[in-house]
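Open the model in your viewer and switch to a cartoon view. Keep a selection tool at hand, and follow the stops in order.

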Amino acid sequence: MTGAGGMLGRDLVATLVAAGEQVTAVDKDELDITDPAAVAAAVALHDLVVNCAAWTAVDLAEEREPDAFTVNAVGPAVLARACGAAGVRLVHVSTDYVFAGDADRPYAEDAQPDPRSAYGRTKLAGEWAVAAYAPDHLVVRTAWLYGAGGPCFPRTIARVAAERGHLEVVDDQLGQPTWTRDLAAFILRLVQAEAPSGTYHGTASGVTSWFELARAAVTAAGMAAEVVQPTSSVAYAARAAASASRSAPRPSYSVLGHDGAEAAGVASIGDWRERWAEASHEVLG
């Protein structure tokens, strides 16, 4: 598994090991996924490859799109070629950012991609490479990830709220907060079910806003919900522009449908509120 040191990678390694699987976990310092020879040698020893490696600095990708493309598209292409040549199944993790984010109903797995950011463009290119070069593949799109193994929105919100005593969070961007441990279990279910090659959506069920998630985070941390107040994306963007702190456009609607998993007989992830209640203690530490 590549990207094993990341937030999702750590939970996925633990999930696979707990299921009795033998796992070779590598991070960027141990395997350069853009090196065809090194990748081919690594892939040849395994019957499944899961790619969690990614450039996830969304704003920085706007300034350094070629670098993001190398990690998010060239790397997956090299992995996919090696897997295709060796007859190895490849699981590749992707993102809701491949869509425009302007829909009014959940995006189906076969909905037309239309990325609006450098990050989204590079991740979509990675999806195309995987589908083109690895006949036996699973592309798993996810969104709004949080977990105990790395920086994430709920932990950041709880820290900032404790430091400042108040903050504003946008209430007009909708999505599905997803625990990395749940996504890891979902990926394992797909693999164990021998799901047909194709694209699947691995997000929690239900819909919420960043504002509502922020309030859920601060209350789980023992603070009053009222320390978080709503603001609009327009107002937030204006403040960010003044400080030059944020440049990539954010999807206003990041809700993904789960029909593909259900058709494959694979249980999707439960409601985000129930999963957050289960995860909050561990995530907030």
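The tour below goes from a sheet to a helix and then to some single residues.

**Before selecting anything**

This is a predicted model, in which local features need pLDDT of at least 70 and side-chain atom pairs count only at pLDDT 80 or more, while totals for chains, interfaces and linings use all residues. Residues are numbered from 1 along each chain as its sequence is written, and side-chain values use heavy atoms, with hydrogens and water left out.

Helices (H or I, at least four residues) and strands (E, at least two) are DSSP runs, numbered from the N terminus.

**Stop 1: the sheet**

Select β1, β2, β3 and β8. They form an open sheet of 4 strands in the order β1-β2-β3-β8, with parallel pairing. Two strands count as paired if DSSP finds at least two bridges between them. Strands of a sheet pair through backbone hydrogen bonds, either parallel or antiparallel.

Which strands stand at the edges? They are β1 (48-51) and β8 (198-201); each has a single partner strand, so one side of each is left without a neighbour in the sheet. From one strand to the next, the twist averages 20 degrees (axes are lines fitted to C-alpha atoms, for helices over the stretch in contact, and angles run from 0 to 180 degrees between N-to-C directions).

**Stop 2: from β1 to β2**

Now select β1 with β2 (residues 89-95). These two run parallel and are joined by 4 bridges. Pick Val49: its bridge partner in β2 is Leu90.

Keep β2 and show its side chains. Are its residues buried or exposed? Of its 7 residues, 7 are buried, so β2 is largely enclosed by the rest of the structure. Buried means under 20% relative accessible area, exposed over 50%, and partly exposed in between (1.4 Å probe, protein chains only). Arg89, Val91, Val93 and Thr95 point one way from β2, while Leu90, His92 and Ser94 point the other way.

**Stop 3**

Val91 has Leu138 of β3 opposite. To get from β2 to β3 the chain passes through α5, and this β-α-β crossover is right-handed. A crossover is right-handed if, with the strands pointing away from the viewer, the path from the first strand over the helix to the second runs clockwise. Further along, Ser94 stands opposite Arg141 in β3.

Both faces of β3 are covered, with His137, Val139 and Arg141 buried on one side and Leu138, Val140 and Thr142 buried on the other. Val139 stands opposite Thr199 in β8.

**Stop 4: helix α4**

Select residues 65-86, which make up helix α4. At 1.5 Å a residue, its 22 residues should span 32 Å, and the end C-alpha atoms are 30 Å apart, which agrees. The expected span is 1.5 Å times one less than the number of residues.

Where is the helix kinked? The kink is about 30 degrees and is centred on Val71; the bend at a residue is the angle between axes fitted to the seven residues ending there and the seven starting there.

The buried residues of α4 include Ala68, Asn72, Pro76 and Cys83. Among the elements that cover the buried residues are α2 (36-43), α3 (58-63) and α5 (118-133). Just after α4, Gly87 takes a positive phi of about 70 degrees.

**Stop 5**

Select Ala108, in the loop between β2 and α5. At 31% relative accessibility, Ala108 counts as partly exposed. Beyond its neighbours within four places in sequence, Ala108 is in contact (heavy atoms within 4.5 Å) with Phe99, Arg141 and His201.

Move to Trp144, in the loop between β3 and β4 (145-146). Trp144 has a positive phi of about 50 degrees, although it is not a glycine. At 11% relative accessibility, Trp144 counts as buried.

End at Glu194, in the loop between α7 (180-192) and β8. The phi of Glu194 is positive too, near 50 degrees, in a residue other than glycine. At 66% relative accessibility, Glu194 counts as exposed.
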